[in-house]
Amino acid sequence: MTNNIEELSGGRIINTSLLSNQQISQLKKRGAQVVPASQTKDGKTVCRRCLSVIKTDLFVDQKVYCRNCLNFGKLLTDDKLVITTSNLKFPIQQNPMSWTGQLTDLQQKVSLELLAAYANKSDHLIWAVTGAGKTEIIFPLIEKVIQAGKRIAICSPRIDVCLELHPRIQAAFSRTSIGLFHGKTDQQYFPCQIMVATVHQLVRFEAAFDVLVIDEVDSFPLAGDEMLERAIAKAKKKSGSIVYLSATPPVELLHRVNRSEISISKLHRRFHGHPLPEPHCHLLFKASDFWKINPRLKHRISNIVKNHQRAMIFFPRISALLRFEQKLKRAFPKVSIVSVSSKDGQRIEKVQQFRDEQASIILTTTILERGVTFHKITVIVIDADAREFSKTALIQIAGRAGRAKDHPNDEVHFYYQYYTRSVQQACREIKEINRQAFTK
C-alpha cells in the first residue's frame, strides 16, 4: 500500500490492517470514515465492502471472513474499513477533448439524448448495434463531465474491452488524468478523473463517481451477478447517474425501460452506414474434426490462406480449440497462428499480436466475442450449434466482422451439424436489425 495519502483518496474502501495509524489519522482529517467490515441486516451478516451476505455457518472454530470478495484481500468480519472522501478536485478544462472526428447524424442524435439524461441526473441505456461507434457517442458526455470538474468511470466486465477502450479514450482526452485498472495489471491506483476498469474494480469504491458508464452490460461475468450489480450502484454518488451500453441488452434492463425507470436511445446502423454482415450458414454432415479437419472447413481456411486474408475462428470450448490448433498448424505450417482463451496467461500479448497483423489467424473462445475491433477479417464459428453459443453470443461474434469503414463487407460463417434455435434466432435478428436500420 502506498505511503502517498493522495493516492488513497477518491471513495476508496481500504482494510485498516493495510494502513499505518498515521495514515488512518491523516485520512480521517481529510473526511474519511472508519466503519466495521461487516454489519447485521435482517438478522444476516453483510460484508461492508461488497454488500454480500456472509454465510457464518461455514466457519467452525475459525475467523469468519467474506468469501465473495476474497480476490480483493481477506476481510474478516471483525476488521475495520476506511472509506476515503470522494471530494476530489480536478483542473477545470474548457476544451478537454482532443478528438477531431465527427459523429454521424444518427450518432449525434443519440449523444444529445445521452446529454439530456445526464442533465436530468437519470440513468440511460444506449441500445446500439455492434460497430455503431458507442465509444465515440459518449465522448461529448465525457467532455461535459470534465468541464464540470467531475469524475467518470468507464467499465466493462471484460479486460479485453478495457484494453481496447483505454487508448482510444486517452487519445480523445489527452490532457486529462486517465487510469486503467484490472486484475492483471500492476499499475498502482491513483485518483484519476477518468477511470477505465473492469466492473470488478468497483467493489473497491463507494460513492466515488459522478457518472458510471457500463459497457457490454449483458456479458459474462456481469450479467446476473448480484455482487457486481451492487458494486455498480455502490460506486455511484447519490447525485450521480449510470449509462448502460449494449448491442444485446438484458431483459431486466429493458423491463426497467418499460417501467420508465431509465431512458433509452436506439441505434441500429453502424457508423460507416453499411449493414451488419449476415452469417453464411454451413451444415457439416460430419463432425468438425472429421479427417482431422472437416474438408468443408479446411477448404474455407485454405481459401483464406491462399488469398492472404486474416481470420478469427471461434470455438465453444478450450479443449476443442487446443486440439484444432495442433491440427491447423500441421496443415498450414507456414501460417502464423495464435490462440487465446480465459486461461491463457499471454492472452493480452497474443491479441495485440493479431491486432498488429503479426498473426494471420487467431483461434479463440467467447472471451473475444465482444468489445474488440480488428481490421479486415473473416469470422468463422466452429460448432455454432454448441450450447456455449447462445443467440446473444453468436450475434456479438458476427459483430466482429465488417467494422472498418474501408472494409465493411467482411464475411461471417457459421458451421454446425444441427440448425439450432440459437443459430436460427441469431441469423434472424441480424437480418431484422439491418431491416430496421435501412427502412425509412
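A crossing of two helices is called right-handed if the near helix is turned clockwise from the far one by less than a right angle. In the predicted model described here, the crossing of helix 11 and helix 12 is right-handed. Helix 11 spans residues 391-398 and helix 12 spans residues 421-437; their axes lie 8 Å apart and form an angle of about 50°. Helix 11 is therefore oblique to helix 12. On the side of helix 11, the contact is formed by Lys391, Leu394, Ile395 and Ala398. Helix 12 contributes Ser422, Val423, Gln425, Ala426, Glu429 and Ile430. Sorted by class, the residues of this contact comprise six nonpolar, two polar and two charged ones.

A right-handed crossing is also found for helix 5 and helix 10. The axes of helix 5 (residues 159-172) and helix 10 (residues 347-355) approach to within 11 Å, with a crossing angle of roughly 50°. Where the two helices meet, Ile159, Asp160, Leu163 and Glu164 belong to helix 5, while Arg347, Ile348, Val351 and Arg355 belong to helix 10. Four residues of this contact are nonpolar and four are charged, with no polar residue present.

Helix 2 and helix 4 form a further pair, and helix 2 passes helix 4 in a right-handed crossing. Helix 2 covers residues 105-119 and helix 4 covers residues 139-147; their axes come within 9 Å and cross at roughly 35°. Ser111, Leu114, Leu115 and Tyr118 of helix 2 make the contact with Pro140, Leu141, Lys144 and Val145 of helix 4. Six nonpolar residues, one polar residue and one charged residue take part in the contact of helix 2 with helix 4.

The largest nonpolar core consists of 64 residues. Within this core, the residues with the most contacts are Ile142, Ile154, Ile169, Phe173, Ile194, Leu368 and Phe414. Isoleucine 154 illustrates such contacts: with residues up to four places away in sequence left out, isoleucine 154 touches Ile138, Ile142, Leu165, Ile169, Ile194, Met195, Val196, Ala197 and Val213.

Lysine 350 is located in helix 10. Its relative accessibility is 19%, and lysine 350 therefore counts as buried, since the limit for a buried residue is under 20%. Apart from residues up to four places away in sequence, lysine 350 touches Val338, Ser339, Val340 and Asp344. Between lysine 350 and isoleucine 362, twelve residues apart in sequence, the C-alpha to C-alpha distance is 8.6 Å.

Lysine 334 is located in the loop that runs between helix 9 (318-331) and strand 15 (337-340). With a relative accessibility of 84%, lysine 334 counts as exposed, because exposed residues are those over 50%. The C-alpha atom of lysine 334 is separated by 16 Å from that of leucine 363, and the two residues are 29 residues apart along the chain.

Methods:
Residues numbered from 1 in each chain as written. Predicted model: local features only at pLDDT ≥ 70, side-chain atom pairs only at ≥ 80, totals over all residues. Heavy atoms only, no water. Axes fitted to C-alpha atoms, helices over the stretch in contact; angles between N-to-C directions. Helix = DSSP H or I, 4+ residues; strand = E, 2+ residues; numbered from the N terminus. Parallel < 35°, antiparallel > 145°, perpendicular 65-115°, else oblique. Contact = heavy atoms within 4.5 Å. Nonpolar A, V, L, I, M, F, W, Y, C, P; charged D, E, K, R; others polar. Core = buried A, V, L, I, M, F, W, Y, C linked by side-chain atoms within 4.5 Å. Buried < 20%, exposed > 50% of the residue type's maximum accessible area, 1.4 Å probe, protein only.
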